[in-house]
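Please read it alongside the coordinates.

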Amino acid sequence: MEYVIICLVAFLTSILTFFSGFGLGTILMPVFALFFPIELAIALAGVVHFFNNVFKLFLVGNKANKSVLIRFGIPAIIAAFLGAWLLLNITDLPSIYTYQIGSKSFEITPVKLIISIILIVFSVIELLPFFDKLQFNKKQLPFGGFLSGFFGGLSGHQGALRTAFLIKAGLTKEAFIGTAVVISCLVDFTRISMYSTRMLESGLYENIPLIVSATLAAILGAFLGHKLLKKVTLKFIQKFVAVFLIIVSVALGVGLI
């Protein structure tokens, strides 16, 4: 059942994410978390996100702006390393609280609580009109790269911050998309390299068929998105997804997931 659900979500989300403003990893990670431990869910979603970005790299990567890549991308890579290192270390922390509902036990762990809070924060960003208008100037690109990379490494949430900082970089639409894809690939490669030091032992290798299936579904979605939805902004779906993420985040934070 997890194959069907994860691949379907990867396919549909990849169609929407090409130009909609919210990311594949943002939606796919909580879906993985329904079936896997949170730290493994982040790694699995990260691998799918990376290979989907590699595909998009061939479509639009040549439009990337080299100057912005350096100013934004280098801090993002460094920070992605730090965020991934933090994720690996907080997974070893003991449970904060354990409780029972009927005969089933649930536990609140530091990693679940932290990822839950991050999910809620980024979901609220999608819901509040104030954040739609929040933009930054070119001088803040290195700072934006650091923030985007750090949260990308920690939870996979890099897209919202990256967009907020890059939108004012004076890029054309094509250069904006190409630059974002290249930076996302760099961050994904960095964090996956870090995750692999631990996650190969905790289920990443055993789930290669699922990763391949979800990646192919996401690539097919990206191809269709590139062909069909270049001018579409699906605001209603974006808000709906944000509400869904808040619900999942609360369940994750209290240990139900």
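1. A definition is needed before the helix spans can be judged: the expected span of a helix is 1.5 Å times one less than its number of residues. With that in hand, helix H7, which has 15 residues, reaches 21 Å from its first C-alpha to its last, and this is close to the 21 Å expected at 1.5 Å a residue. The model is a predicted one, and the values below should be read as computed from it.

2. As to the overall make-up, the chain has 11 helices and two strands, and from the N terminus on its elements run α-α-α-α-β-β-α-α-α-α-α-α-α. Of the 257 residues of the chain, 51% count as buried.

3. How are helices H4 and H7 set against each other, in angle and in distance between axes? Helix H4 (residues 66-90) packs on helix H7 (residues 141-155) at an angle of about 30°, and the two axes lie 6 Å apart. Because angles under 35 degrees count as roughly parallel, H4 is described as roughly parallel to H7. The crossing of these two helices is right-handed, and the residues of the contact divide into 16 nonpolar, six polar and one charged.

4. Returning to H7 itself, its buried residues are Leu141, Gly144, Gly145, Ser148, Gly149, Gly152, Gly153, Leu154 and Ser155. Just after H7, Gly156 takes a positive phi of about 90°.

5. The aromatic side chains deserve a separate point, and here a pair of rings is described by the distance of the centres and the angle of the planes. A search of the whole structure finds three aromatic pairs. One of them joins Phe50 and Phe51, with 5.2 Å from centre to centre and 65° between the planes, and is edge-to-face. Phe50 counts as buried at 15% relative accessibility, whereas Phe51 is partly exposed, with a relative accessible area of 41%.

6. Phe50 also forms a pair with Phe189, and this pair is tilted, at 6.2 Å centre to centre and 45° between the planes. Since Phe50 lies in helix H3 (residues 38-60) and Phe189 in helix H9 (residues 173-199), the pair ties together parts that are 139 residues apart in sequence. Phe189 counts as exposed, at 52% relative accessibility. Taken together, Phe50, Phe51 and Phe189 form one aromatic cluster.

7. Is Leu216 buried or exposed? This residue has its place in helix H10 (residues 208-228), and it counts as exposed because its relative accessibility is 54%, the cut-off for that class being over 50%. The C-alpha atoms of Leu216 and Phe51 are separated by 8.9 Å, although the two residues are 165 residues apart along the chain.

8. From C-alpha to C-alpha, Val121 and Ser249 are 9.8 Å apart in space, while in sequence they are 128 residues apart.

Technical notes
Residues numbered from 1 in each chain as written. Predicted model: local features only at pLDDT ≥ 70, side-chain atom pairs only at ≥ 80, totals over all residues. Heavy atoms only, no water. Axes fitted to C-alpha atoms, helices over the stretch in contact; angles between N-to-C directions. Helix = DSSP H or I, 4+ residues; strand = E, 2+ residues; numbered from the N terminus. Parallel < 35°, antiparallel > 145°, perpendicular 65-115°, else oblique. Left-handed = near helix turned anticlockwise from the far one by under 90°. Nonpolar A, V, L, I, M, F, W, Y, C, P; charged D, E, K, R; others polar. Buried < 20%, exposed > 50% of the residue type's maximum accessible area, 1.4 Å probe, protein only. Phe/Tyr/Trp six-rings, centres within 6.5 Å; stacked < 30°, edge-to-face > 60°.
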